[in-house]
Amino acid sequence: MSEILTQRRGHLGLITLNRPESLNALNADMCHVIMDALLQWRDDPQIAQVAIVGAGDRAFCAGGDIVAIYRDIMERNGSSEEFWRVEYQLNVLIDEYPKPYIAFMDGIVLGGGIGISAHGSHRIVTEASRCGMPEVGIGFFPDVGGTHLLSRAPRAAGRLAALTGMKFGAADTMALGLADTYVPQKDLPGLLEALQTEPVDRAVSRFAGIPDSGYLHEEWVQSFSESSIPAVATGLSAFENPRAAAALAALEAACPSSVRLVEELLREAGVDLRADLIREFRAAVHRLDDPDFAEGIRAAVIDKDRKPRWNEPLDKLSPEQRTARHFGPLDGAELDFTLIDQGLREKSGR
């Protein structure tokens with residue numbers, strides 16, 4: 001079976017991520033197929049809008065294949081750079097797509113799954129949605145434009161999401177600006193059918209509902225407005241709240257060098273997604289040389305001992321520390337967007 005299915009249904013172009021056994025995790029080939037479909041439909045007068053869904057009942061997309069990244073760190077075969085290059089190009093194509101792009105963010109939506117959904121024009125969440133950017137837990141950072149998106153969220157909430165990797169339900173995903181509309185899970189088939197013949201705004205308005213309340217409005221969240229990481233931790237520890245305790249535990253378990261890198265990326269992020277992705281691409285490629293990245297993946301999915309041995313303690317971090325080496329140029333291998341600007345797959349160098 002193909003890992004990506006594309007179909008024409010009326011005036012709807014439908015993309016299905018078809019790796020349910022792997023929670024629809026992305027790889028480079030899948031990104032290329034999605035990009036090809038979007039480029040083909042971009043100028044097709046018979047396609048008025050595009051929707052993307054995940055196969056199975058557990059996940060829209062759980063992100064990228066971090067085991068493959070670990071192999072690349074060990075072997076240096078270039079696969080991670082190839083994957084990030086096409087993935088980030090796809091993120092921009094989705095962000096700038098001239099037709100409605102409707103993402104069904106049902107179930108688990110993590111990392112790269114955010115990249116192929118939250119940059120769309122219409123982002124649908126359900127009561128089963130569990131969305132987040134958990135990369136700090138493996139020694140990485142929220143990429144795929146994650147720092148761009150979270151820098152535009154309310155400061156405390158965006159920083160909480162980026163620095164802890166916590167997962168969020170429908171209401172909080174919407175509060176973060178990663179989704180627009182709540183639709184009950186049982187109504188998704190009806191919405192998908194309606195999109196075959198109706199304009200997206202009319203169809204979505206008929207099925208939209210109100211999600212259960214989240215927690216990003218709670219007082220303890222404002223602890224993430226503190227200037228330093230130790231101050232954030234001190235603020236969280238003052239609350240007798242199980243979610244505050246969970247956030248503190250997640251922050252303390254995060255990779256310290258990733259926390260510092262995330263802080264820098266959030267500070268540098270602006271209104272231009274392309275510029276922010278170029279910065280993230282540099283940071284990602286340079287991160288392959290950082291032992292913390294390999295260690296984080298090892299502990300999470302290779303040995304699965306959940307006991308990473310980071311290179312430095314969290315309580316030694318300060319706002320003055322910088323990670324300039326992650327932002328240095330890549331000697332002719334910079335991210336560019338020629339592929340999507342010209343719409344020619346051959347320009348990718350494959």
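**Close-up views of a predicted model**

**View 1. The N-terminal cap of helix α14.** D290 caps the N-terminal end of α14, with a side-chain oxygen 3.0 Å from the backbone nitrogen of D292. The model is predicted: local features need pLDDT of at least 70, side-chain atom pairs count only at pLDDT 80 or more, and totals for chains, interfaces and linings use all residues. Residues are numbered from 1 along each chain as its sequence is written, and side-chain values use heavy atoms, leaving out hydrogens and water. Helices (H or I, at least four residues) and strands (E, at least two) are DSSP runs, numbered from the N terminus.

View 2. Nine of the twelve residues of α14 (291-302) are buried (under 20% relative accessible area, 1.4 Å probe, protein chains only). Among them are F293, I297 and R298. The buried residues of this helix pack against α2 (66-75), α3 (79-95), α12 (256-268) and α13 (273-287) (contact: heavy atoms within 4.5 Å). Just after α14, K304 takes a positive phi of about 60°.

View 3. Six strands form an open sheet in the order β1-β2-β3-β5-β7-β9, with mixed pairing (two strands pair if DSSP finds at least two bridges between them). Its edge strands, β1 (4-9) and β9 (181-182), each pair on one side only. Strands β5 (101-105) and β7 (122-125) are parallel and share four bridges; F104 has I124 in β7 as its bridge partner. Helix α9 (200-207) lies across β3 (49-54), β5, β7 and β9, at about 20° to β7 (axes are lines fitted to C-alpha atoms, for helices over the stretch in contact, with angles from 0 to 180 degrees between N-to-C directions).

How values were computed. Buried means under 20% relative accessible area, exposed over 50%, partly exposed in between (1.4 Å probe, protein chains only). A polar contact is a pair of N or O atoms within 3.5 Å; within protein, one must be able to donate a hydrogen and the other to accept it, and residues adjacent in sequence count only if both atoms are side-chain atoms.
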